[in-house]
Amino acid sequence: GGMVGLSIANQLIERGISNNLIILDKEKKLGMHSSGRNSGVLHAGIYYEPNSLKAKVSVQGAQRLKEWVVNKGLCLNKCGKVIIPQRKELDIQLDKLIFRGKSNGAKVELIDNKRLKEIVPCIRSKSGRAIWSPNTCVVNPLEIINLLQGELELRGVKILKSAKISKFEIEKKSLNLSDCTKIKYKHLINCAGLNADKVAHEFEIGKNYKILPFKGLYWKLKRNAPFQLKTNIYPVPDLNVPFLGVHFTPGSSTQDLISIGPTAIPAFGRENYNGFDGLEPAMLINNLLLLSKQYLLNKGGFRKYVNEQAFLSFTPLLLNSAKELIPELKMEHIEISEKVGIRSQLFNLKTSKLEDDFLSLSGNSSTHILNTISPAFTASFALADLIIDKIKYD
């Protein structure tokens, strides 16, 4: 029942493939996990390796979702985004990002400090250069999910909430719910996000993959903070790891406060949003061992991620990271946000690496969508078509 699942249902109907659809969600309402806790940024397609799945669907998917949002009269903040190097030596990365963005069909341009000051008066680039992405927008994720859910129900899609699967009978193409409901299917599409690996493993699919959850905590600028921010402000990311670093994000409405974050710290459980709620001790120990090994081997520059991002839950460290973008920022200007998200990051046990791209695997009358990390929300309609095109129907 997240954005990818809803989009696949929508596209199956739009393309005339099927209107006999059931969506299962274990929660009492949709959008309680990754999709509903999304930052709402519709990414322009700058970061992704050309010819990757992300690159193929991000620009087209963002355009389709923006048009859908506008046609439905929902909130859309056409605020754009600047990417600035936190340190002078990171300037060379701007050329790589410009190349990727243009290769992927994104509208991007290099700007100097004079142009940067016109867009965001309170910041300067340490190298004198920055990237301007005018097509980056911000939406309200829950607003989209709720409307899309309502439209699908009107078109005959059955959405069963509080639907917890107790047993799969794979050879019989059926599953049992905890309330004893039995559902037979022709084809099952697994878009379970944080639990997608567990569902796939039931089908003996993707056994060399597991989800490593990373928690995204946010802060926000107080209303009396002396900064006028109307656009997204992002740092130059470490392209070796799939995290973008701490950034400043406006809301879908001009009345919303500016978010600062998110962090990318190992979570204590797949749904460990607050304190020790959702704690999974066995999973935590196992994941920490994997991450420790990654750190020691330093595969994919993982040591740099740990040194720069893994401990940003400590406010002084997050503040220091944010000050790399806005040096005048002070502790008195920020406050903790209630928004918390968990990233369903996929880890490849065979290669000992974090997977950076989307992954769709075929099974027995089933398709399993793993690693639906950013920009999955942005690309959802186009990603859904890509997934549907890969489905092997029996």
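User: Is Asp 356 buried, partly exposed or exposed?

Analyst: The model is a predicted one. Burial is read from relative accessible area: under 20% is buried, over 50% is exposed, and partly exposed lies in between. Asp 356 has a relative accessible area of 41%, so Asp 356 is partly exposed.

User: Which residue does the side chain of Asp 356 meet in a salt bridge?

Analyst: A salt bridge is read from the separation of a side-chain nitrogen of Lys or Arg and a carboxyl oxygen of Asp or Glu, which must be within 4 Å. Here the side chain of Asp 356 meets that of Lys 54, at 3.7 Å from N to O. Asp 356 belongs to the loop between strand 19 (353-354) and strand 20 (359-363), while Lys 54 is part of helix 2 (residues 53-71), so the pair ties together parts that are 302 residues apart in sequence. Lys 54 itself is buried, because its relative accessible area is 4%.

User: Where in the chain are the partners Asp 91 and Arg 129?

Analyst: The side chains of Asp 91 and Arg 129 form a salt bridge of 2.8 Å, N to O. Asp 91 is in the loop between strand 4 (81-84) and helix 3 (92-103), and Arg 129 is in strand 6 (residues 129-133); the pair, 38 residues apart, links distant parts of the chain. On accessibility, Asp 91 is buried at 16%, whereas Arg 129 is partly exposed at 24%.

User: Why does the pair of Glu 169 and Lys 182 tie together parts of the chain?

Analyst: Their side chains meet in a salt bridge, with 2.4 Å from N to O. The pair ties together parts that are 13 residues apart in sequence, because Glu 169 lies in strand 9 (residues 165-169) and Lys 182 in strand 11 (residues 182-184). Glu 169 has a relative accessible area of 13% and is buried; Lys 182, with 47%, is partly exposed.

User: Which residues do salt bridges with shared partners join into one network?

Analyst: The network consists of Arg 87, Glu 89, Asp 238, Lys 304, Glu 308 and Glu 324. A search of the whole structure finds 22 salt bridges. As for charge placement, the mean positions of the 55 positive and 37 negative charges are 1 Å apart.

User: What does Ala 379 touch, leaving aside residues up to four places away in sequence?

Analyst: Contacts are read from heavy atoms within 4.5 Å. Ala 379 touches Val 57, Ser 58 and Gly 61 on that count. Ala 379 sits in the loop between strand 21 (366-370) and helix 10 (380-390), and is buried, with 0% relative accessibility. By C-alpha atoms, Ala 379 is separated by 25 Å from Lys 161, which is 218 residues away along the chain.

User: How does the radius of gyration of the protein compare with that of a compact globule?

Analyst: The radius is compared with the value given by a rule based on the number of residues. For 394 residues, a compact globule would have a radius of gyration near 21 Å, and the protein agrees with this because it has 21 Å. Its C-alpha atoms fill a box of roughly 65 × 50 × 40 Å along the principal axes. The protein has 10 helices and 21 strands, and 54% of its residues are buried.

User: What share of the contacts join residues at least 24 apart?

Analyst: Among contacts between residues at least 6 apart in sequence, the share is 72%. As to surface, the protein exposes about 17800 Å², of which carbon and sulfur atoms supply 52%.

Terms used
Residues are numbered from 1 along each chain as its sequence is written. This is a predicted model: local features need pLDDT of at least 70, side-chain atom pairs count only at pLDDT 80 or more; totals for chains, interfaces and linings use all residues. Side-chain values use heavy atoms; hydrogens and water are left out. Helices (H or I, at least four residues) and strands (E, at least two) are DSSP runs, numbered from the N terminus. The radius of gyration is taken over C-alpha atoms; the globule rule is 2.2 Å times the number of residues to the power 0.38. Buried means under 20% relative accessible area, exposed over 50%, partly exposed in between (1.4 Å probe, protein chains only). Accessible areas come from the Shrake-Rupley method with a 1.4 Å probe; for residues, only the protein chains shown count as cover. Lys and Arg count as positive and Asp and Glu as negative; His and the chain ends are not counted. The place of a charge is taken as NZ of Lys, CZ of Arg, CG of Asp or CD of Glu.
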